[in-house]
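Subject: Structure for you to look at

Hello,

Here is the structure I promised to pass on. Please open it first and then read the notes below.

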Amino acid sequence: LSSDPDYVNSLLNLAAIYYPRGRRDEAAALWRRAARVAPENLGAYVNLAIYHLSRGEYDQAREQCDQIRRRGGSVPQGVLDGLARQGLSLPHPSGS
């Protein structure tokens with residue numbers, strides 16, 4: 001990161017190291033940065049959705065799911081299940 005602070009793979013890799021070590025807020029900041037630098041990289045949004053679910057921030061998790069869908073991706077079943085356990089769902093991708 002010192003030579004290129006916005007190199008997406010480095011941001012994602014560092015976040016993947018931080019998250020399981022309990023440095024979750026730092027990981028989330030890196031995922032947000034990765035999403036800004038490379039909005040086509042769906043992994044950042046998936047990880048942010050998981051992060052927000054783990055914190056009980058369901059509106060933010062749903063927003064990340066919306067970002068995934070807007071970019072043509074599919075929301076992982078585990079994220080959908082996490083929302084469903086809270087009685088939440090996402091609108092059908094077609095908007096209906």
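In helix 1 (residues 8–18), the buried residues are Val8, Leu11, Leu12, Ala15 and Tyr18. Seen down the axis of helix 1, these buried residues fall within an arc of 125°, so they line one face of the helix. The arc is taken over the directions from the helix axis to the C-beta atoms. An α-helix has 3.6 residues a turn, so residues three or four places apart point the same way. Helix 2 (24–37) and helix 3 (42–54) are what the buried residues of helix 1 pack against.

Some terms: buried means under 20% relative accessible area, exposed over 50%, and partly exposed in between (1.4 Å probe, protein chains only). Helices (H or I, at least four residues) are DSSP runs, numbered from the N terminus. Contact, or touching, means heavy atoms within 4.5 Å.

The model is predicted: local features need pLDDT of at least 70, side-chain atom pairs count only at pLDDT 80 or more, and totals for chains, interfaces and linings use all residues. Residues are numbered from 1 along each chain as its sequence is written, and side-chain values use heavy atoms, leaving out hydrogens and water.

His52 lies in helix 3 and is buried, at 7% relative accessible area. Not counting residues up to four places away in sequence, His52 touches Glu57, Gln60, Ala61 and Gln64.

Tyr58 is in helix 4 (residues 58–70) and is partly exposed, at 23% relative accessibility. With the same exclusion of residues up to four places away in sequence, Tyr58 touches Leu53, Leu83, Gln86 and Leu88.

Regards

Note on methods
Helix = DSSP H or I, 4+ residues; strand = E, 2+ residues; numbered from the N terminus.
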